[in-house]
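Q: I am new to this structure and would like to learn how its features are read. Could we begin with the strands and then turn to the open space?

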Amino acid sequence: MIDEMMILMTGEYDQYGKLCTRVMDGAAAFLVDRTPLQLLDDTLTYIGFDLRGAMSSAKLILGKKMKYPVIVNPYLGVCLFPVNSPHKADCIWFNPEHIMKTTAAGNQTKVELSNGYYIMVDLKLYYFNNKIQAARQLMQITNFLGSMA
């Protein structure tokens, strides 16, 4: 299950060539025997939703964008956004709540995380920061709409 302590996750092949998920949770990092999309869908299914519905909702709320953020657990306020296509094995999914600072490093972005680590992302700062903003906007709009119900 993905919870609010998860900082990021990405696809990683295990020693047998099977695509799994590397999860960074606080200072710990561990491998889960599910693909990133399976892990997202498993978490959503556990609380009564599904990945397809979460992606459709994000598209409806945010309009026409590519690589939508996804609210993974509305009860815990967990939203993740992909850096590139979610269908790519090396796609990194970030929890924007654990991003402390972003700085430009040429055509890449240095992302400082809440656990004191940093990761280099192959995306210009402007585009990466837009992804953070879209994820935060999705959470804000969803919370507002939920409070109106």
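**Reading the sheet and the pocket**

A: In this predicted model, strands β7, β8 and β9 form an open sheet of three strands, in the order β7-β8-β9 and with antiparallel pairing.

Q: How many bridges join β8 to β9?

A: Strand β8, which covers residues 108-113, is joined to β9 by four bridges, and the two run antiparallel. Within this part of the sheet, E112 stands opposite Y118 in β9.

Q: Which helix lies across β7, β8 and β9?

A: That is helix α3, residues 125-148, which runs at about 155° to β7 as it lies across the three strands.

Q: How is a pocket read, and how much space lies in the largest pocket?

A: Rolling a probe the size of a water molecule over the atoms shows where empty space is left. In this model, the largest pocket holds about 250 Å³ of space.

Q: Which residues line the largest pocket, and where do they come from?

A: The lining includes L44, F49, D50, I71, L138 and T142. Helices α2, residues 51-62, and α3 each supply at least two residues of this lining, and the largest share, five residues, comes from α2.

Q: How do the lining residues divide into nonpolar, polar and charged?

A: Eight residues of the lining of the largest pocket are nonpolar, three are polar and one is charged.

Key: Residues are numbered from 1 along each chain as its sequence is written. This is a predicted model: local features need pLDDT of at least 70, side-chain atom pairs count only at pLDDT 80 or more; totals for chains, interfaces and linings use all residues. Side-chain values use heavy atoms; hydrogens and water are left out. Two strands pair if DSSP finds at least two bridges between them. Contact means heavy atoms within 4.5 Å. Axes are lines fitted to C-alpha atoms, for helices over the stretch in contact, and angles run from 0 to 180 degrees between N-to-C directions. On a 1 Å grid over the protein atoms alone, a cavity is a set of points where a 1.4 Å probe fits but cannot get out, and a pocket is an open set with protein on both sides within 12 Å along at least five of seven lines; lining residues have an atom within 4 Å of a point. Grid points are joined across faces, edges and corners, and a volume is the space filled by probe spheres set on the points. Ala, Val, Leu, Ile, Met, Phe, Trp, Tyr, Cys and Pro count as nonpolar, Asp, Glu, Lys and Arg as charged, and the others, Gly among them, as polar.
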